[in-house]
Amino acid sequence: HFLFNIIGVFWVLVLFTPFINGISSIMEYTIWESPLKMASDVSIRYSLSAFHSAFNIVNTILLIGFVNSLERFLTKWPNQKKDTEGVYTFGYMGSSVMSTAEVSLLIAKKEVSKYVGIIEEQNTLINKQINSVNKGEKNILWTKIEVTTESASKVNKELTIYLSKFINKDISDSTSTKVQKLLSVVNDLERICVIYRDIAKTLKHKTKNKIWFTQHQRKNLVKLFTQIQRILQNTHNNVETE
């Protein structure tokens with residue numbers, strides 16, 4: 001909204017005089033007259049309404065073709081931050097659902113998409129842990145998985161609370177269905193996250209007890225987690241395009 005209005009203000013200032021004259025000309029054909037010729041309270045009030053309406057309509061017509069470009073620019077701006085310990089924070093979502101349910105739903109989808117990204121990272125870490133032969137590196141990977149799991153748990157909680165707030169909103173059946181789907185995805189991702197933590201714990205226990213995979217077993221596991229990575233990537237895409 002800020003960028004939309006800034007662009008609008010810029011062009012309307014450049015064309016301020018002809019724009020005002022245009023509004024004035026239109027108002028001459030109404031019962032309220034042009035405020036430039038008859039500056040009555042009624043004329044000024046309705047002329048201001050005409051000005052704002054015309055501004056928004058023209059601005060929308062000018063910018064409608066640049067929606068995708070603006071979206072790409074803005075989603076790079078407040079994007080998720082991730083510190084050196086792998087802790088994720090929300091870049092889009094505030095503490096409350098906006099008055100426009102569709103906009104709030106779009107924001108929620110962005111955060112769920114990032115949640116899928118956390119699971120993708122877990123999958124990558126597990127894959128590395130399977131292939132690592134260095135005990136120190138395995139411990140580092142285990143720590144990263146623990147931190148990522150804790151971060152995912154917080155994300156799950158915040159997303160569940162945020163999506164649950166839609167229940168008290170007057171939303172369409174279509175939006176309600178989409179919210180229910182997102183809640184289902186969030187719950188599934190939480191379970192997957194816990195499973196990955198358990199797998200990592202098992203792998204750590206295996207290393208501690210000096211139990212090793214055969215080359216054939218390792219090859220099959222890598223193949224399995226590579227396939228899972230493709231599934232997660234598809235999930236990522238589906239969440240954003242659904």
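User: What order do the elements of the chain follow from the N terminus on?

Analyst: From the N terminus on, the elements run α-α-α-α-α-α-α-α. This is a predicted model, and its chain has eight helices and zero strands.

User: What makes α5 count as largely enclosed by the rest of the structure?

Analyst: Buried means under 20% relative accessible area. In α5, 24 of the 31 residues are buried, so this helix is largely enclosed by the rest of the structure. For the chain, buried residues make up 31% of the 242 residues.

User: How do you know that the reach of α5 is close to what is expected at 1.5 Å a residue?

Analyst: Happy to show you: α5 reaches 45 Å from its first C-alpha to its last, close to the expected 45 Å. Helix α8, residues 215–241, can be checked in the same way: it reaches 39 Å, close to the 39 Å expected at 1.5 Å a residue.

User: Which residues of α8 are buried, and what do they pack against?

Analyst: R218, F225, Q229, L232 and V239 are buried in α8. The buried residues of this helix pack against α5 (101–131) and α7 (173–208).

User: Which residues have the most contacts inside the largest nonpolar core?

Analyst: They are V112, Y115, I119, I126, L163, F166 and L182, in a core of 33 residues. The elements that give two or more residues to this core are α5, α6 (135–164), α7 and α8. The largest share, 12 residues, comes from α5. As for L163, leaving aside its neighbours within four places in sequence, this residue is in contact with A108, V179, L182, L183 and V186. A second, separate core of seven residues includes W11, M27, F51 and F55.

User: Why is the pairing of K114 with E111 called a salt bridge?

Analyst: The rule asks for a side-chain nitrogen of Lys or Arg within 4 Å of a carboxyl oxygen of Asp or Glu. The closest N and O atoms of K114 and E111 are 2.9 Å apart, and the pair forms a salt bridge. Both residues lie in helix α5, three residues apart, about one turn of the helix. K114 is buried, and so is E111.

User: Why is R197 called partly exposed?

Analyst: Partly exposed falls between the buried cut-off, under 20%, and the exposed one, over 50%. R197 has a relative accessible area of 27%, so R197 is partly exposed. D198, at 34%, is also partly exposed. R197 forms a salt bridge with D198, their closest N and O atoms being 3.9 Å apart.

Conventions: Residues are numbered from 1 along each chain as its sequence is written. This is a predicted model: local features need pLDDT of at least 70, side-chain atom pairs count only at pLDDT 80 or more; totals for chains, interfaces and linings use all residues. Side-chain values use heavy atoms; hydrogens and water are left out. Helices (H or I, at least four residues) and strands (E, at least two) are DSSP runs, numbered from the N terminus. The expected span of a helix is 1.5 Å times one less than its number of residues. Buried means under 20% relative accessible area, exposed over 50%, partly exposed in between (1.4 Å probe, protein chains only). Contact means heavy atoms within 4.5 Å. A nonpolar core is a set of buried Ala, Val, Leu, Ile, Met, Phe, Trp, Tyr and Cys residues joined through side-chain atoms within 4.5 Å.
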